[in-house]
Amino acid sequence: MSSSLPITVTVNGRERRLDVAPNETLLAVLRERLSLTGTKKSCGEGECGACTVLVDGRAVNSCLMLAVEADGRDVLTIEGLASGDELHPLQEAFLEAGAVQCGFCTPGMIMSAVALLATNPDPTPAEAKEALCGSLCRCTGYVRIIRAVLDAAPRMRPVGNGTHN
Amino acid sequence: MPEHVGQSVKKSGGRERVTGALQFAADMQMPGLLHAKLVTLDCARARILSIHAAAAEQVEGVHCVLTPADLPRPMPRYGPVEDDRPVLADGETKYYGDPVAVVAAETEQIAAAAAERVRVQHEELPGVYTVEDALAPGAPLVQEPSLRPDSPHRDSNVYNEWHYAWGEAEADEADLVIEETYRFPMQVHFAIEPHVFAAAPDEPDGVVIWSTVQHPFPLRRAVAESLGLPAAKVRVVATEMGGAFGGKGYPKFEPLMAFLALRTGRPVRLALSLAESFLAGRRAAGVVTMRSGFSRDGRFVFNRSRADYLIGAYADITSSIVSKAAYIGCGAYRIPNLEVTARAVFSHTPPATAYRGFGAPQYLWALEAQIDRAARRLGIERLQMRLRNIPDRGEELIPGDTPVDGDWKQGLSLAAEAVGWHEPLPPGHGRGLAIGVKSPRPGAASQALARLHHDGSATLMVGTTEMGQGSKTAFSQIAARALGIPFEKIKVVCGDTGRVPFDAVTASSRSTVCMGNAILAACEEIKRKTAALAADAHGVSADRVSVSDGMVHLPETVLNYAEAICSSYGPGEGEVMGLGEFRLPRDPEHPLGGPAPFWEIIFFATEVDVDRETGQYRLTKLVTVADIGKAINPAAVKGQDEGGSLMSVGQAMMEQFILDERGRPVNLGALDYRIPTTQDIPLRTESLLVENADGPGPFGAKGVGESGATAVAPAIASAVAQATGASFTELPLTAERVWRRLKQQERAPDTSAPD
């Protein structure tokens with residue numbers, strides 16, 4: 001392997017300094033170096049969305065992003081979503097709606113939904129479907145996944161007329 | 001005590017799934033783990049002249065390059081029915097992706113780089129990739145006749161042939177006779193989790209396998225026999241799977257991993273890519289020619305069909321796939337004279353294996369389309385046509401087998417009503433109906449071990465595996481009700497042959513019924529034993545003690561389980577175990593080895609909106625009505641039907657695994673093989689359940705899981721046919737195919753589509 005490059009990346013709120021190979025993907029770093037195996041590898045070519053994480057708040061396929069590109073950025077994975085024992089409203093909604101079968105696509109699906117609700121706190125069903133169309137699920141038929149996202153949306157909006165934060 | 005059965009309690013293991021904490025096979029960390037990579041050729045069938053591993057072995061970090069020369073001679077072969085699959089290609093590759101060697105190295109990257117440096121001199125040979133090619137005179141033989149000297153088909157590419165018939169063979173006098181040939185393509189399972197196979201040496205003299213496998217017990221047999229080990233020395237751990245759909249059912253590369261682990265003395269893991277997973281198993285393609293006779297009033301007079309299933313180079317489980325599909329050649333209909341001849345045909349293509357629906361979708365695609373064609377020709381409305389042919393509860397479906405065990409007319413009518421069958425159709429729209437029916441694996445056994453611990457909590461130990469279907473949840477609900485303890489106090493241990501008792505397979509929608517009944521029996525034994533313990537400890541006769549709702553009732557007092565166990569074993573000690581078993585009857589005279597314990601039936605209704613200019617169409621409504629006896633967990637049951645039916649929307653509208661003229665995949669991987677996304681969800685979906693508590697499982701349950709994926713395609717094609725006036729014989733029903741048919745029709749109108 002060619003020489004490694006130093007990067008500093010914040011993962012789930014914690015700063016990490018790593019030496020990475022120039023061809024190493026963010027996915028590989030998360031899974032193999034940081035043992036954050038909640039982010040899944042499936043197609044490895046950016047089609048299935050199982051490896052979706054947030055980078056500076058944007059949903060990305062971590063299999064298509066080089067680790068060096070994450071230098072200086074803020075990465076959020078499924079492991080960083082809950083606050084202690086308290087699940088994120090999307091995680092709770094997925095459980096309540098029966099949106100989880102095998103659960104392999106679930107982390108990527110939830111991260112895509114987090115990105116959606118951050119920019120669109122009140123999505124229509126069509127908007128939710130469009131936002132999640134890059135995440136493949138083979139078990140559920142998506143019906144309960146979309147329901148879960150729509151159920152979670154109002155729970156994430158602040159009460160009153162405050163701005164989203 | 002809360003009522004658990006019949007409630008949509010949250011999934012066991014759900015929290016671990018939404019937080020990413022659940023360890024799938026590729027997530028497991030093992031000290032000293034080596035990574036494996038298969039060495040394959042860029043062609044399908046080839047003669048292997050030599051294998052040079054030296055260059056690969058010199059790569060830093062490579063521990064072993066295993067070639068056939070390192071394996072026993074003759075080459076060990078295995079399979080669930082026939083021992084015909086070699087651990088590595090034996091002198092000749094049989095399909096694109098057939099491994100000729102395997103590399104074990106420190107990292108996946110090193111293994112992949114080294115695999116490319118294994119030089120395999122080979123000569124590509126002509127192969128057969130379609131039913132027609134495989135059956136042509138002089139076609140190259142896929143399997144050497146010496147592999148199956150006793151088979152009457154050994155000098156052909158027919159693996160086996162099955163023939164089922166009843167009624168009069170020559171009763172061909174009907175008012176209307178329709179004959180047509182229908183085609184169903186190869187498809188891949190596309191579980192989002194690719195296959196993972198790992199092995200490690202196990203003390204003493206054994207091996208442990210971790211695999212994304214649905215059926216750990218058949219795998220244990222395959223590994224033990226390949227390595228010449230007693231079953232007790234092989235432990236198979238079925239990991240929690242990220243979807244399976246039949247594709248993870250039967251042995252694949254686990255024997256190879258076992259040889260590699262024993263050779264290197266280290267744990268070894270082969271994590272396939274998604275593309276490689278396509279080559280590890282796929283659905284058999286089908287060609288069905290059907291000749292159907294009807295009376296003027298729309299009743300079946302006869303049905304005769306020949307169904308050819310294109311399988312790979314190895315038998316795998318295809319004998320069951322094809323024979324079961326052919327055996328229920330009447331579908332859900334009363335057909336007085338029936339004849340089905342079905343064949344499994346070998347080819348130089350990736351292995352065909354179980355796929356949700358087993359062989360039913362290929363066959364039902366033809367049968368349901370024939371009914372639609374007849375309805376049109378006879379001028380009978382399609383719902384009425386079907387209702388006239390559906391047998392009543394208690395009526396014989398297949399001579400000598402289990403009678404009809406549900407109100408099937410009610411189910412179909414419910415589906416029609418839900419889709420708005422009788423409402424006026426908007427312009428460009430069409431509606432369709434179809435019925436999916438199959439039966440679970442006959443003659444099979446399930447055993448369950450239930451342990452009631454000193455504190456009144458319980459562990460269920462079962463061979464059922466978890467692939468997302470939610471069996472752990474259903475089993476916990478069943479046991480909670482049977483023992484009278486809270487759902488939360490139950491843990492289910494699945495699919496580890498070193499820990500759990502025997503189970504045949506996790507397949508064919510059998511687990512809730514078969515393992516569910518075994519769990520009920522185990523819980524009953526626990527209650528009997530606990531009553532006896534308490535009676536003994538309190539010096540009363542056992543017949544004066546009863547157990548109900550989690551409490552042990554003695555003449556003078558009432559104890560909870562913890563108190564009852566404590567009264568016998570002392571504080572914090574002891575436990576009570578129950579072993580339950582459920583066996584379906586085995587009947588050597590029965591064509592499938594035993595009768596159906598229940599018919600797994602589902603009714604589909606669809607509505608589409610077709611753009612005649614482009615052939616593109618939207619699925620505006622998809623209704624499923626499943627007759628499941630009793631839903632242990634309604635949300636989970638509906639989730640199965642939603643998931644199965646959307647999987648079949650892919651089957652109907654877009655999915656086909658395409659090989660080129662040399663047997664090489666054209667669409668290998670997620671970029672080129674399309675499955676439904678959120679954008680393909682029907683505008684409206686509805687999953688309804690018929691619950692008459694008339695099944696043989698716990699609380700009247702029947703099975704669920706497969707049926708959703710049986711007959712969506714004919715229901716969609718039926719709707720498109722109504723919308724366009726064109727009818728179809730080949731899947732997938734892509735926009736291009738619809739458009740071409742419409743163009744053709746402009747020149748020569750089709751008279752077989754419904755009005």
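## A valine in the core

B:V103 touches B:A36, B:K37, B:V39, B:A56, B:V62, B:V65, B:A111, B:A114, B:A115 and B:V118, leaving aside residues up to four places away in sequence; two residues are in contact if their C-beta atoms, placed from the backbone, lie within 7 Å. This is a predicted model, in which local features need pLDDT of at least 70 and side-chain atom pairs count only at pLDDT 80 or more, while totals for chains, interfaces and linings use all residues. Residues are numbered from 1 along each chain as its sequence is written, and chains are lettered from A and ligands numbered from 1 in the order in which they are written.

B:V103 is also among the residues with the most contacts inside the largest nonpolar core, together with B:M257, B:L260, B:A479, B:I519 and B:I716. That core has 311 residues. Helix α13 of chain B (residues 511–538) supplies its largest share, 14 residues. A nonpolar core is a set of buried Ala, Val, Leu, Ile, Met, Phe, Trp, Tyr and Cys residues joined through C-beta atoms within 7 Å. A residue is buried if 20 or more other C-beta atoms lie within 10 Å of its own, exposed if 12 or fewer, and partly exposed in between, with C-beta atoms placed from the backbone. In soluble globular proteins, nonpolar side chains tend to be buried together.

## Confidence

For chain B the mean pLDDT is 97, and 98% of its residues reach 70 or more; pLDDT is the predictor's confidence in each residue, from 0 to 100. The complex as a whole is given an ipTM of 0.97 and a pTM of 0.97 by the predictor.

## Domains

Chain B is assigned domain 1 (32–125 + 195–271), domain 2 (352–440 + 595–747) and domain 3 (444–583); the bounds come from an automatic or database domain assignment. Between domain 2 and domain 3 of chain B, the C-alpha centres lie 39 Å apart. Their contact involves 21 residues of domain 2 of chain B and 15 residues of domain 3 of chain B. On the domain 2 side of this contact in chain B there are 11 nonpolar, seven polar and three charged residues. Here Ala, Val, Leu, Ile, Met, Phe, Trp, Tyr, Cys and Pro count as nonpolar, Asp, Glu, Lys and Arg as charged, and the others, Gly among them, as polar.

Chain A is assigned domain 1 (5–80) and domain 2 (89–156), with C-alpha centres 21 Å apart. In chain A, 14 residues of domain 1 are in contact with 13 residues of domain 2. The elements giving two or more residues to the domain 1 side are β3 and β4 of chain A, and β3(A) gives the largest share, three residues. By class, this side has seven nonpolar, five polar and two charged residues. Helices (H or I, at least four residues) and strands (E, at least two) are DSSP runs, numbered from the N terminus.

## The chain interface

45 residues of chain B are in contact with 41 residues of chain A. On the chain B side, α1 (14–18) and α15 (634–653) each supply at least two residues, and α15(B) gives the most, with eight. The chain B side comprises 20 nonpolar, 18 polar and seven charged residues.

Helix α15(B) has 20 residues and reaches 28 Å from its first C-alpha to its last, close to the 28 Å expected at 1.5 Å a residue; the expected span is 1.5 Å times one less than the number of residues. Because 19 of its 20 residues are buried, α15(B) is largely enclosed by the rest of the structure.

## Backbone exceptions

Most residues other than glycine have a negative phi, and most peptide bonds are trans. In chain B, a cis peptide bond joins B:R73 and B:P74, with omega about -10°. B:P74 is in the loop between β3 (62–66) and β4 (77–78) of chain B. Another cis peptide bond joins B:E203 and B:P204, with omega about -15°, and B:P204 lies in the loop between β12 (196–202) and β13 (206–211) of chain B.

In chain A, A:S35 has a positive phi of about 55° although it is not a glycine. A:S35 is in the loop between α1 (26–33) and β3 (52–55) of chain A, and counts as exposed with 11 C-beta neighbours inside 10 Å. A:D56, also not a glycine, has a positive phi near 50°. A:D56 is in the loop between β3 and β4 (58–61) of chain A and counts as exposed with 12 C-beta neighbours inside 10 Å.
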